[in-house]
Amino acid sequence: MTTLNHLSGNAGCIGQYDPQALPLSAAQAIVLQWVTPLAASERVSLREALARVLAEDVISPIDVPAHNNSAMDGYAFDGAALATATTAGRLTLTVCGKAFAGHPYTGEVAEGTCVRIMTGAPMPAGCDTVVPQERVAVQGEAVTFEPGAVARGANARRKGEDLARGGVALAAGRVLHACDIGLLASLGLVEASVKQRLRVAYFSTGDELRSPGEPLEPGCIYDSNRYALGAMLHRLNVEAIDLGVVRDEPEALAATLKLAAETADVVLTSGGVSVGEADFTREQLQALGDVSFWGLAMRPGRPLAFGRIWSGGRPGAGRAALLFGLPGNPVATMVSFYQIVRPALMAMAGAKAQPVPLVPAVSEQPIRKRAGRTEFQRGLARRDAGGQWRVAPTGSQSSGALSTMSEANCFIVLAHEAGDLDAGDAVDIMLFDGLV
Ligand code: AMP
Ligand code: MG
């Protein structure tokens with residue numbers, strides 16, 4: 001990252017907003033201003049390219065398809081014959097040869113003749129139309145059909161109609177999906193130039209946390225955030241570096257933050273950012289870097305620390321990493337990740353992705369909602385017989401209740417300005433699962 005203004009205590013970054021009631025959209029915009037896409041790229045084989053971010057445009061080295069070819073099993077002929085008069089309104093053509101995929105017909109196709117052709121076979125010279133085999137009557141070496149059975153040019157795929165040689169086949173910033181891997185292969189390419197994977201270090205904070213597998217002493221809880229964060233990072237295909245659980249001790253926190261800044265591009269912590277937490281968490285974050293503490297107008301996920309920390313232990317010393325101090329409550333951690341961290345990580349990884357789609361739905365229940373904050377309720381959505389999406393909250397909306405998040409298949413997104421809703425009111429939903 002190059003020179004940037006200071007974040008902490010700098011109202012200029014927040015503009016007209018109160019940092020303790022920062023609208024989600026403003027927070028997202030500020031975060032994105034601080035993100036610089038990674039410059040480094042590498043070449044990887046197609047098999048390793050899934051979910052990577054394309055570093056440069058892919059220019060098609062060939063036409064796809066490489067030749068005019070048949071889209072059907074049938075008979076290829078010169079469509080001009082369709083206009084010629086025929087006996088009893090039918091067209092009769094003599095079969096002069098065969099064309100199979102990989103085995104073109106290279107002879108001449110004289111007037112009054114056609115070529116038996118299979119799907120994918122190159123169109124013989126002089127032919128532009130294919131009549132499907134189901135539409136013809138075969139009599140020895142001749143086929144007969146009604147001219148109305150096929151329009152001129154039908155059932156033939158044109159050279160370069162999918163991708164033209166020299167054109168941009170895939171644009172830089174594309175997150176490669178399975179179809180893109182297939183497309184790159186269809187161009188004959190064996191590798192792709194992709195952005196280097198982002199390195200993201202993460203850890204949990206709290207004296208009360210025990211790792212799964214350890215005995216649970218009275219007053220303690222299992223650390224779930226590190227596992228949920230690790231899983232969400234895995235989905236984003238970043239290089240996730242698990243730095244474990246850090247106790248509520250200033251030295252331990254400082255040492256882990258420095259190590260994280262040394263090894264990663266982005267550092268995620270959970271816990272310790274809410275009001276009432278031991279002051280040293282904030283002190284450490286502020287001492288090591290340039291970090292501001294926000295109260296987002298969002299539920300769940302109000303507290304958030306955002307900024308930069310340096311491995312040398314003070315601003316400007318050593319390596320810098322972007323820092324997100326996420327709230328400790330497990331659902332708040334996840335919502336903050338999806339709404340704030342994920343878009344930032346994608347931008348930093350160089351991805352030019354579409355925003356996650358919002359689907360219009362109808363609420364099946366009244367929902368209490370305070371105007372002036374964006375709420376993400378856990379919902380179960382289904383499409384009714386009429387094609388309308390209907391959604392109901394899955395139960396407890398406590399920011400600690402992961403079970404109702406597991407039961408949900410979407411977030412019910414209640415807009416910043418919205419107030420209480422009645423059953424039947426329109427809401428937006430953000431579905432958890434997609435096809436690819
Ligand atoms: P804090 O902001 O540190 O006070 O955390 C808020 C709440 O989230 C507290 O009830 C914590 O026990 C809980 N919490 C914090 N970190 C984790 C974690 N890693 N896994 C599960 N719960 C956590
Ligand atoms: Mg804590």
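Colleague: What does Ala51 count as at its relative accessibility?
Modeller: This is a predicted model, where local features need pLDDT of at least 70, side-chain atom pairs count only at pLDDT 80 or more, and totals for chains, interfaces and linings use all residues; side-chain values use heavy atoms, with hydrogens and water left out. Residues are numbered from 1 along each chain as its sequence is written, while chains are lettered from A and ligands numbered from 1 in the order in which they are written. Buried means under 20% relative accessible area, exposed over 50%, and partly exposed in between (1.4 Å probe, protein chains only). Ala51 has 30% relative accessibility, so it counts as partly exposed.

Colleague: What is the phi of Ala51?
Modeller: Ala51 sits in the loop between strand E2 (41-45) and E3. Strands (E, at least two residues) and helices (H or I, at least four) are DSSP runs, numbered from the N terminus. Most residues other than glycine have a negative phi. Ala51 is not a glycine, yet its phi is positive, at about 70 degrees.

Colleague: Which loop holds Asn237?
Modeller: Asn237 also has a positive phi, about 60 degrees, although it is not a glycine. Its relative accessible area is 19%, so Asn237 is buried. Its place is the loop between helix H4 (225-235) and strand E17 (239-246).

Colleague: What kind of peptide bond joins Val64 and Pro65?
Modeller: Most peptide bonds are trans. Pro65 belongs to the loop between strand E3 (58-59) and strand E4 (69-70). Here omega is about -5 degrees, and the bond from Val64 to Pro65 is cis.

Colleague: What is omega for the bond that joins Arg299 and Pro300?
Modeller: Pro300 lies in the loop between strand E19 (289-299) and strand E20 (303-310). A cis peptide bond joins Arg299 to Pro300, with omega at about -5 degrees.

Colleague: How many cavities of 30 Å³ or more are there?
Modeller: Rolling a probe the size of a water molecule over the atoms shows where empty space is left. On a 1 Å grid over the protein atoms alone, a cavity is a set of points where a 1.4 Å probe fits but cannot get out; a pocket is an open set with protein on both sides within 12 Å along at least five of seven lines; lining residues have an atom within 4 Å of a point. Grid points are joined across faces, edges and corners, and a volume is the space filled by probe spheres set on the points. With 30 Å³ or more as the limit, the number of cavities is three.

Colleague: Which strand gives the most to the lining of the largest cavity?
Modeller: The largest cavity has a volume of about 50 Å³. Its lining is Arg299, Pro300, Glu375, Phe376, Gln377, Arg378 and Gln397. Four of these residues come from the strand that gives the most, E23 (residues 374-383).

Colleague: Which residues are closest to the centre of the second largest pocket?
Modeller: The second largest pocket has a volume of about 390 Å³. Of the 26 residues that line this pocket, the closest to its centre are Asn225, Gly271, Pro327, Gly328 and Asn329.

Colleague: With which side chain does the side chain of Ser204 make a polar contact?
Modeller: Ser204 lies in strand E14 and is buried, at 1% relative accessibility. A polar contact is a pair of N or O atoms within 3.5 Å; within protein, one must be able to donate a hydrogen and the other to accept it, and residues adjacent in sequence count only if both atoms are side-chain atoms. At 2.9 Å, the partner of the Ser204 side chain is the side chain of Asp223.

Colleague: How many disulfides does the count come to?
Modeller: A disulfide is a covalent bond between the sulfur atoms of two cysteines. The rule here asks for a pair of cysteine sulfur atoms within 2.5 Å. Cys179 is exposed, at 52% relative accessible area, whereas Cys410 is buried, at 0%. The number of disulfides comes to zero.
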